[in-house]
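The sequence and structure come first.

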Amino acid sequence: IHLKIMMTKKTISASRAFLILFLCYMITALEVPLDCPIFLHDPPTITQQSPKDYIVDPRENIVIQCEAKGKPPPSFSWTRNGTHFDIDKDARVTVKPNSGTLVINIMNGGKAEAYEGVYQCTARNERGAAISNNIVIRSSRSPLWTKEKVEPKLVREGDPLVLHCSPPVGLPPPIIFWMDNSFQRLPQNERVSQGLNGDLYFSNVKPEDTREDYICYARFNHTQTIQQKQPISVKVFSMDSLNETISANLSDTDFYGAKPLTERRPTLLTPMGSTSNKVELRGNVLLLECIAEGLPTPVIRWIKEGGELPVNRTFFENFKKTLKIIEVSEADSGKYKCVARNPLGSTHHTITVTVKAAPYWITAPRNLVLSPGEDGTLICRANGNPKPNISWLTNGVPIAIAPEDPSRKVDGDTIIFSDVQERSSAVYQCNASNEYGYLLANAFVNVLAEPPRILTPANKLYQVIANNPALLDCAFFGSPVPEIEWFKGVKGSILRGDLYVFHDNGTLEIPVAQKDSTGTYTCVARNKLGKVQNEVHLEVKDPTMIIKQPEYKIIQRGGQVSFECTIKHDPTLIPTITWVKDNGELPDDERFIIHKDSLAIMNVTDKDDGTYTCVANTTLDSVSASAVFTVVAATPTPAIIYDRPNPPFDLELTDQLERSIQLSWIPGYDNNSPITNFVIEYEDGMHEPGVWHYQTEVRGTQTTVQLKLSPYVNYSFRVIAVNEIGRSQPSEASEQYLTKAAKPDENPSGVQGIGSEPDNLVIIWEPLKGFQSNGPGLQYKVSWRQKDVGDEWTSVIVANVSKYIVSGTPIFVPYEIKVQALNDLGYAPEPAEVIGHSGEDLPMVAPGSVQVHIVNSTLAKVHWDPVPLKTVRGHLQGYRIYYWKVQSLSKRRRRHVEKKILTFSGNKTHGMLPGLEPYSSYKLNVRVVNGKGEGPASPDKLFKTPEGVPSSPSFLKITNPTLDSLTLEWGPPTHPNGVLIAYTLKFQPINSTHELGPLVEIRIPANETSLILSNLNYSTRYKFYFYAQTSVGAGSQTTEEAVTIMDEAGILRPAVGAGKAMASRQVDIATQGWFIGLMCAVALLILILLIVCFIRRNKGGKYPVKEKEDAHADPEIQPMKEDDGTFGEYGQQ
């Protein structure tokens, strides 16, 4: 029996039987109302059950729900672990009255563990049996922490640290958090954080991490218990404090040196290794974690190889160490890379994510109600990864061993019924399962024969306002489904045409009711078992209108004001007029006087400023109009007020044609600013009521306009006047005008054909907007055929969608596609064809004949043969080269392989590899790329780069300076880029004015790492240039400067055996300290002698200075004069 019903605005009493039927049929249009008294036989339906995985609290009674409905009421039975569960034999187990719900009493000495198992409920009556899911009952567990001896942690400052939690295994798993003895959560940041496994990770420790109360807590929510691990003590020692402690206990001759903090590049604490795998189920939350150590603290970045992280579903947690993607789907499968980086370098880890899927419904079976002799189908379609297996049961028994029914035929995921009889009634179960779960759905087949019945009360009265929709109900039921027809009048003809809409639930809709729509309407329901009819009445009323609206007023304080509000209404309706101020009630003030058609305010004050609205209500409609009131101070001469124009009025529609109409109006007062133009807007009362759209615009001197119209639109128009001050309020809406329906004028735009899977074609388009439909029943004819194979067009008609999926297509083949609009009056013009492609799949073959040509020591050119286009199986996006360094030929040691990728767009057959390291072995392979991903890799190709020039020596140190020699030490280049054949040393002296002397060059064998330069000038600065050479040429040079020490004997010695390459041995004596001291002593001596002579001469005595000086000369203190005219040093006294 089928029921379809539409709610009305009023409820009218009828006989008791019809009221009961009316109430019980408010469920759905296709669902059989099981609790209606008219039906005697309906199969059971499970309405409520416990979850599949049910974890119970061991401190409370176990309640396993199973509720079902049916006629007659079903009886219930249970199985436990696949065998019958005899409830009567266990005193602790009871069943709720009129229910199948089990209650297991464990509050008085029972143990929940004794009742763990797999339970299934069966609800049965004479029409069939429905079964519940398998409900797995498990008792929550919160085991104690195992006793262990926790050793203190002694860690050097800057080192990494992991504090393991290792909580006990509970059911469900506990929630982990770290706190101290004061139950305060330990602070976490980029350096210190908790992992998904509950461990506490330190990227590097600091002295402030020292504490004795690192405590891991485990909270078991089901049992509301919290357990804690033994506190962990952490002691962080620094090198400075350790040196101070040791030096305090050492003598002055002892020596101790500890290494300072050493910065280091990141390494991963978790996960281990460079790659790992993760499997997650569709719809779940994907959590990926990377925690790194290093100094400074590394930062984490996440990327998805070959794609972008999903927008709006991606979140970063735990200071970006955890990547969280919600509602994962198969499209989220792929490789996710976390990169940990600090200033010293980086490391990464790649996690390959595979998204599997427990079964999920595509089409769940639905209850089927048939009459004897009819045909029908039950469809059970589910998807998953791997593809789920579909099996059928009838009344809880596998269909293969169930009693035979000649009316049914099982075809995979479909059961086909033909020529059913009453004995065909049963409950069918569809089970879709794979290794990750299952789905179980009950759907009954109920074979009934019932004549039509109409539930809408007889002679029901409907009242509507003209130009509004009218909905006349005809709620019905019957089996087979009755056909519904409507007539106007007792003996009128059947209603058809564009003026009416017939709904599937029997309701008759008149989209735009007019006065001539008033009358009696008859609904007739008939099927092969009978016919029934019912009459309802429709009255169409005139709309309520405000013909004299309140106007904008400016009044001086102490004056009075009056707002008019004159209405016109249907004489059979009683209106009420209400005044409001600023959308609230009027003030309770005797100065406000309300008349029948006006509002007066006496002795106005500043508080009376505001917007006053007149609201006219009837039982069917409501209209309102507002005016702004401004109170001003008295002025001797009122100033000219410039304002927006008043709204136009008296809108009139004339020359009414199918696609055009003439609109005229009277302009409102311009408020001292001439009207420059009028804006015309329209409302589509059928498709978008209450939404106004721009139609056109005319000059301010024009008051009539011819408007173009679209079919099947219920037009209303309004006009807005514009002047230099602004826009007026919109005019009152014109009367409504419904244009006739017509075939669509246009087809959907944006038609595309793309594949979301290798075996489908997804056709999408931009749907037409409401007024573009041109008539009722807008649908789309979607057509497709494989291109260039001569197939006929395949077509399907759909409605209310903008996408259609064609399944079972070959991989990536072109299709011709077209989408045509149609409605109840016909088709739009023939649409243009577009070319689309079915879904892509990964390419099948790898590029062949891969060749590498070496351009120079850092650049190579790669050639390959393109793959056949038919093997690409998608849009060719290009070719991708993976290349990596195997080893350096000079160092002869392997290194960590870090693959690099270069992508060449289009159908390229060659590409350049820049940035190679000289004198190294490389491998590469080439893959073709389409929109789905990469194809297989070509065999790895080995190639070697030639020698290049070396980098500069790793260091150059000058040590052991003497009077005439310096010792040079150096390290080989970090990147020799070939076989070193020699080193070249160049040097030259630098004098005090920074002038450079002659350049000396020495060639040194490649196996040497030090050199002693002899026969140099003492106390002289030299500049050195040093570089390495390969057979290709010289590398980058490094420079240093050094000075020989000063002659300690104080005697200038001639240079001997300096060699040809040495600079001449010259010293600027004027800059030497000993020379300056000598000159000061001589000057002082002469000054003393002059003073003595001056004193003696003044006494009159004679003192031959020269004679006395010669007589008493001390040969040891006489200044020596060198050949070059400079004074030597004094000898030591």
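## Terms and basis

Buried means under 20% relative accessible area, exposed means over 50%, and partly exposed lies in between, with a 1.4 Å probe and protein chains only. This is a predicted model: local features need pLDDT of at least 70, side-chain atom pairs count only at pLDDT 80 or more, and totals for chains, interfaces and linings use all residues. Residues are numbered from 1 along each chain as its sequence is written, and side-chain values use heavy atoms, with hydrogens and water left out.

Helices (H or I, at least four residues) and strands (E, at least two) are DSSP runs, numbered from the N terminus.

## Salt bridges

A salt bridge is a side-chain nitrogen of Lys or Arg within 4 Å of a carboxyl oxygen of Asp or Glu. The count by this rule is 37 salt bridges. One of them pairs Arg 191 with Asp 209, with the closest N and O atoms 2.6 Å apart. This pair links distant parts of the chain, 18 residues apart. Arg 191 is in the loop between strand E15 (175–179) and strand E16 (192–194), and Asp 209 is in the loop between strand E17 (200–202) and strand E18 (211–220). Arg 191 counts as buried because its relative accessibility is 11%; Asp 209, at 6%, also counts as buried.

Arg 282 and Glu 330 form another salt bridge, their closest N and O atoms being 3.7 Å apart. Arg 282 lies in the loop between strand E22 (275–281) and strand E23 (286–289), and Glu 330 in the loop between strand E27 (322–325) and strand E28 (334–342), so the pair ties together parts that are 48 residues apart in sequence. Arg 282 is partly exposed, at 35% relative accessible area, and Glu 330 is partly exposed at 30%. Elsewhere, salt bridges that share partners join Asp 180, Arg 211 and Asp 213 into one network. Within it, the closest N and O atoms of Arg 211 and Asp 213 are 2.8 Å apart. Arg 211 is partly exposed at 27% relative accessibility, whereas Asp 213 is buried at 13%.

## Nonpolar core

A nonpolar core is a set of buried Ala, Val, Leu, Ile, Met, Phe, Trp, Tyr and Cys residues joined through side-chain atoms within 4.5 Å. The largest has 25 residues, and those with the most contacts inside it are Ile 62, Ile 64, Trp 78, Leu 102, Ile 104 and Tyr 119. At least two residues of this core come from each of strands E4 (62–64), E5 (66–71), E9 (102–104), E10 (117–125) and E12 (135–139). E10 gives the largest share, three residues.

Contact means heavy atoms within 4.5 Å. Not counting residues up to four places away in sequence, Ile 104 touches Asn 61, Ile 62, Ile 64, Arg 92, Val 93, Tyr 115 and Tyr 119.

## Thr 1030

Thr 1030 is in the loop between strand E85 (1021–1029) and strand E86 (1038–1043). Thr 1030 is buried, with a relative accessible area of 3%. A polar atom of the Thr 1030 side chain lies 2.9 Å from the backbone oxygen of Gly 948. Leaving aside neighbours within four places in sequence, the residues in contact with Thr 1030 include Glu 947, Gly 948, Val 949 and Pro 950, as well as Gly 978 and Leu 980.

## Helix H4

Ile 1088 is found in helix H4 (residues 1073–1099). Ile 1088 is partly exposed, with a relative accessible area of 45%.

Methods: A polar contact is a pair of N or O atoms within 3.5 Å; within protein, one must be able to donate a hydrogen and the other to accept it, and residues adjacent in sequence count only if both atoms are side-chain atoms.
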